[in-house]
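The stops below are given in the order in which to select them.

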Amino acid sequence: MLMAAMPEAAPFIAFHDVAKTYDGTQFVVQGLSLHVVRGEFLSLLGPSGSGKTTTLMMLAGFETPSRGHILLDGQRLDHKPPHQRDIGMVFQNYALFPHLTVAENVAFPLSVRHRSKTEQQARVRRALDMVQLAHLAGRRPAQLSGGQQQRVALARALVFEPRVVLMDEPLGALDKRLRETMQYEIIRLHRELGLTVVYVTHDQGEALTMSDRVAVFSDGCVQQLATPTELYENAVNAFVANFVGENNNLRGRVTELTDHWATLALDNGGFVRGRRSDGLRADSLATLALRPERTRLGIDDTTTSNALSARVQTLIYCGDHYRVEVSLDGGVSMIAKVPNVKHHELPSVGEDVKVSWRHDDCKVLQLPSGGARM
């Protein structure tokens, strides 16, 4: 399993060789060694069944590791019940008590910790001010919008000033506009309060927008742990390249390798060049990963660019860009995103064009064998 270089700061949360199995045979999480720095916003990103939610539940105390151990600020958490871990939790379904008011819902974590009424009132008022809902303190959850209910759930997770806040798909039930608004609200609170956040999502855009680092999960393993920029620009394998953002894939056979570059012979007879990844071998099958926005219709500089002949199949207007699907010789499709710039000439459907992109805008990756593990 490949991991990004650890941050210089000492780990605040540490998973040491953690594994989880329910039947003793099939591992939901395996070989997980993951560190989170105090004040960091870490997202666990992956498809359903990849192990990200199980990882979060083990940290929260709702699941027990089958192997390995978890530390928070140097102290073992493995055998502590959830209410003794000093961790706040925000769920996708809000999990608010319908018979309690907003203020009573937010006060609940304080009441179970036997805080005084005076302290409860002060902390609830402060928490609701943070999420801009103090004026709705007397309402019940059914009288609130989805976005307002999620703000209440967030205030409840923050009211007792936990050392860590865990969020499990917290925005999944919201519509697109509300989801984006809440993303920025959570980012604001994270920065203002210096929170340590571990956030589970299957939404790549959400992870890239909100996180300091992202751990991409597949088959119970972390495939890559990196900053959003590094993840998008420099995927370590084909799974990450295809899961994080849209990607063109051109399969071929490696014909040349240097310290930094790899050349692929495509099935249609063309040759393309890109940055090489680890593990490539001469004459092995590989795939060239290329983001659609880096694909150009036309050639700027043939000495630093790949260029292939193609025919335009579809042209779709997407507001800020046009999505152009082209077909290469041999029937392989590629997508180019062309910015919607005034007076920009666009090709017509059925027109023959040259598709080009810079060598350093793409990466040649080893094809996975028998799954996405590394």
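Select helix 5 and colour its buried residues: Met 182, Gln 183, Glu 185, Ile 186, Ile 187, Leu 189 and His 190. Buried means under 20% relative accessible area, exposed over 50%, and partly exposed in between, with a 1.4 Å probe and protein chains only. Helices (H or I, at least four residues) and strands (E, at least two) are DSSP runs, numbered from the N terminus.

This is a predicted model, in which local features need pLDDT of at least 70 and side-chain atom pairs count only at pLDDT 80 or more, while totals for chains, interfaces and linings use all residues. Residues are numbered from 1 along each chain as its sequence is written, and side-chain values use heavy atoms, with hydrogens and water left out.

Helix 5 has 18 residues, which at 1.5 Å a residue should span 26 Å, and its end C-alpha atoms are 26 Å apart, in agreement. The expected span is 1.5 Å times one less than the number of residues. Now show what surrounds the helix: its buried residues pack against strand 3, helix 3, helix 4, strand 7, strand 8 and helix 6 (204-210). Contact here means heavy atoms within 4.5 Å. Just after helix 5, pick Gly 194, which takes a positive phi of about 65 degrees.

**Helix 4**

Next select residues 146-158, which make up helix 4. From first C-alpha to last, these 13 residues reach 19 Å, close to the expected 18 Å. How many of the residues of helix 4 are buried? The count is 11 of 13, so the helix is mostly covered. Among the buried residues are Gln 149, Arg 151, Leu 154 and Arg 156. They pack against strand 6 (87-91), helix 2 (102-112), helix 3 (117-130), strand 7 (164-168) and helix 5 (176-193).

Helix 4 lies across strand 6 and strand 7, running at about 170 degrees to strand 6. Axes are lines fitted to C-alpha atoms, for helices over the stretch in contact, and angles run from 0 to 180 degrees between N-to-C directions.

Step on into the loop between helix 4 and strand 7, where Glu 161 is found. Glu 161 has a positive phi of about 55 degrees although it is not a glycine, and it is partly exposed at 49% relative accessible area. For another such residue, go to Tyr 94 in the loop between strand 6 and helix 2. Phi of Tyr 94 is near 70 degrees, again positive in a residue other than glycine; Tyr 94 is buried, with a relative accessible area of 11%.

Show the 6 strands of the open sheet, in the order 6-7-8-3-9-10, with mixed pairing. Two strands pair if DSSP finds at least two bridges between them. Strand 6 and strand 10 (221-226) are the edges, each pairing on one side only. Neighbouring strands of this sheet are turned by 15 degrees against each other on average, direction ignored.

Val 216 has Gln 224 as its bridge partner in strand 10. Helix 1 (residues 52-60) lies across strand 3, strand 6, strand 7, strand 8 and strand 9, at about 145 degrees to strand 7.

**Rings**

A search of the whole structure finds 4 aromatic pairs. Rings of Phe, Tyr and Trp (its six-membered ring) pair if their centres lie within 6.5 Å; planes under 30 degrees apart count as stacked, over 60 as edge-to-face and the rest as tilted. Select Phe 41 and Tyr 199: the centres are 5.5 Å apart and the planes at 40 degrees, so this pair is tilted. Phe 41 lies in strand 3 and Tyr 199 in strand 8, so the pair ties together parts 158 residues apart in sequence. Phe 41 is buried at 0% relative accessible area, and Tyr 199 is also buried, at 0%.

Then show Arg 113, which lies over the face of Phe 160, 3.9 Å from the ring centre. A charge sits over a ring if NZ of Lys or CZ of Arg is within 6 Å of the ring centre and within 35 degrees of the ring normal.

Finish on the closed barrel of 5 strands, 11-12-13-20-14, with mixed pairing. Its neighbouring strands are turned by 55 degrees against each other on average, direction ignored. Within it, strand 12 (residues 261-266) and strand 13 (residues 271-276) pair antiparallel over 5 bridges, and Thr 263 has Arg 273 as its bridge partner.
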